[in-house]
Amino acid sequence: MREKTGDADARDGPGYTASEPSGPGEPGSGPGFAVCLTHDVDRPYKTYQGLYYAAKSNPGYHLRTLLRRENPYWQFEDIMALERDLGVRSSFYFLNEPSLLETGSLSDWLEPKNWVEHLGRYDLDSASIADAVRDLDGGGWEVGIHGSFRSCDDFDRLRTETRELEAILGHELVGGRQHHLKLGPNTWRYHRELGLKYDASPGSSSEHGFQHGYRPFRPFDDDFVVFPLTLMEVSLPDPGSAFDEAWAECERLLDEAEANDAVMTVLWHPRYFNEDEFPGYRRLYRRIVERALDRGAWVGPVADYYREFLAERDSSDSDDAGDDSDGRATDNATTDNATAGGSNYSLSPGRIRHRRSVSAP
Ligand SMILES: [Zn+2]
């Protein structure tokens, strides 16, 4: 029995409530039914965090993979091959988490969950990661920012992470998603100030569905767009033991997306493509993409969708209320559930479907 891991529920952090999509900030209709494919690159190396997993389950397997030279979580080439075979591309969001040695407090060190996060962290500028970033970019995949846990409330940290990734990439980023889906009251203002065009954070690791809307929305009524997350792999029944049940959930989401011309955004963490540790997930991902293509959906990276269907809008009518003189966001999120990520876009309760609880490590 292996560990189920994933990002925490977005609603642990930001002060907003779930939504219906329509409203003053909703962009144009786009291509209709679409599926955006995304991968949050949290832990591409299985290192000492294997000890943590070993202590919890199947110690033989985890200790063996820890000692072997091969790295079961390094899935970039496999995912590229799979998606190339399917004729699609996707978005990879890279994390630039500061080391616990740099930022950790004593209480951080005492929490075993943090050991997993920090022992599994990677250096963006290491040769192998930088090569992966450039290979993805050169092959038509999107490289985006996966803002670190505390960056949602720390403009300078988010700027450092964004600029470092852009330096490796050699060009500007289009957008990304926050680690643990964690948004602060001003995170979207920070994104916009940094020149990012979209965020794909609002969502949940425990519920899949369109509770945040069928389409991307414009929280500031300008060219900055938010893509709600429809499905994270950990919210599904375990496809290793209940593939048909997991697929039924996916098919239901595809049905709903197609019927509503929705933009369905899917997150598969790269390590879930390792069939030894996460059986069934790779096959399930492939089937989602194949069926979406069969149904005529637009399928691709979030940045491609943005550029093709959303970027033409003139941003001169943007609402900058709340920014101070140097463009840095100020905290105007003082009213209950009034704002999301720094916008004045009020999200109202919508449908909550297919609830399923999972525990994060
Ligand atoms: Zn993450």
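Reader: Is D261 buried, exposed or partly exposed?
Author: This is a predicted model. In it, D261 is partly exposed, because its relative accessible area of 41% falls between the cut-offs of 20% and 50%.

Reader: Where does D261 sit in the chain?
Author: D261 is in the loop between helix 10 (243-259) and strand 8 (263-267).

Reader: What about the phi of D261?
Author: The phi of D261 is near 50°. That is a positive value in a residue other than glycine.

Reader: And what is phi for H180?
Author: Phi is positive for H180 as well, near 60°, and H180 is not a glycine either. H180 lies in the loop between strand 4 (175-178) and helix 9 (187-193).

Reader: Buried or exposed, that H180?
Author: H180 is buried, because its relative accessibility is 7% and the cut-off for buried is under 20%.

Reader: Changing topic. Which residues are the protein donors of the zinc ion?
Author: They are D42 through OD, H146 through NE2 and H179 through ND1. These donors lie 2.1 to 2.2 Å from the zinc ion.

Reader: How are the donor residues spaced in sequence?
Author: The pattern is D-x103-H-x32-H. D42 and H146 are 104 residues apart, so this pair links distant parts of the chain.

Reader: Where are D42 and H146, then?
Author: D42 is in the loop between strand 1 (34-41) and helix 1 (49-56). H146 is in strand 3, which covers residues 142-147.

Reader: Buried or exposed, those two?
Author: Both D42 and H146 are buried.

Reader: OK, cysteines. How many disulfides?
Author: The count is 0 disulfides. A disulfide would be a covalent bond between the sulfur atoms of two cysteines.

Reader: Are C36 and C152 buried or exposed?
Author: C36 is buried, because its relative accessibility is 0%. C152 also counts as buried, because its relative accessible area is 1%.

Reader: Now the whole chain. How many helices and strands?
Author: There are 12 helices and 9 strands.

Reader: What share of the residues is buried?
Author: Of the 361 residues in the chain, 57% are buried.

Reader: Last one. Among contacts between residues at least 6 apart in sequence, what share joins residues at least 24 apart?
Author: The share is 79%.

How values were computed:
Residues numbered from 1 in each chain as written. Predicted model: local features only at pLDDT ≥ 70, side-chain atom pairs only at ≥ 80, totals over all residues. Heavy atoms only, no water. Disulfide = S-S within 2.5 Å. Buried < 20%, exposed > 50% of the residue type's maximum accessible area, 1.4 Å probe, protein only. Helix = DSSP H or I, 4+ residues; strand = E, 2+ residues; numbered from the N terminus. Contact = heavy atoms within 4.5 Å. Donors = N, O, S within 2.8 Å, 3.2 Å for Na, K, Ca; no water.
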